[in-house]
Amino acid sequence: MNDTLLEILRSVDTPTVCNAIETAQGKRGFSAFTRTTPVATAPDAPAMVGYACTAKIAGRYPSPESPESVRERRLGYYRHVASAPKPAVAVVEDIDHPVCVGAFWGEINATVHKGLGLAGAVTNGVANDLGSLPEDFPIIAGSVGPSRAFIHVTGFGMPVEVFGLTVRQGDLVHADRHGAVVIPSDVIGGLQQAIRALQESERIVLETARRADFDMDVFEKVWARFEETRS
């Protein structure tokens, strides 16, 4: 992913990227997207884009391991985050889902992740400290709650599942308040052109629909042009 594509991806929302992937593939049926309504800690923030840095957590019950093992795994996870290729996005599965009670994402952990170079986080787990989270570090979460409970890292670097989406370490992720997608590697080369083509085709309808003389006759003509551009 070059810098130009990165900036373009940051400038558009996730539904646009989802549709553009189908444009690049030349067909409908792309399915690597989340399937629920998430909580966005910064709903007006630009999209986060980066390579997935994956982990699993739990917090409903205490870890059966020793406190020393729990601490060492958490430090190992932070080392994992620090060494991940950038830009990076944390994608963290709470294995207690759908009964997630421990907030892994609060002011301290979000600030640490931002300081280690991550662009944001996607999790099916809990977030809190909504008034104190660092700027420019959006979190797409499953819920909001007050407690850390017994939250601990159970592993990292493996495939995870969040909101029905399987994400592997190193996958290219695009996420915003709508959810997240994994961008297939085989469309990256054509994605910039696909986004521009999609935006242009949508502009055909939007600009016409906003005209004072817009009516059904005008719509039928412009819709025919729009349909010709769609996958």
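Helices (H or I, at least four residues) and strands (E, at least two) are taken here as DSSP runs, numbered from the N terminus. The model is a predicted one, so to speak of local features takes pLDDT of at least 70, side-chain atom pairs count only at pLDDT 80 or more, and totals for chains, interfaces and linings use all residues. Residues are numbered from 1 along each chain as its sequence is written, and side-chain values use heavy atoms, with hydrogens and water left out.

On to the pockets, meaning open sets of points on a 1 Å grid over the protein atoms alone, where a 1.4 Å probe fits, with protein on both sides within 12 Å along at least five of seven lines; lining residues have an atom within 4 Å of a point. The largest pocket holds about 470 Å³, a volume being the space filled by probe spheres set on the points, which are joined across faces, edges and corners. Its lining runs to 23 residues, with Arg74, Arg148, Phe150, Ile151 and His152 the closest to the centre. Two or more lining residues come from each of α3, β4 and α4 (107-115), and α3 gives the most, five.

The second largest pocket comes in at about 330 Å³. Of its 19 lining residues, Ala45, Glu135, Asp136, Phe137 and Pro138 sit closest to the centre, while β2 and β5 are the elements that supply two or more.

Phe137 turns up again in contacts (heavy atoms within 4.5 Å). Neighbours within four places in sequence aside, Phe137 touches Thr41, Trp105, Ala110, His113, Lys114, Leu118, Ala119, Gly120 and Ala121.
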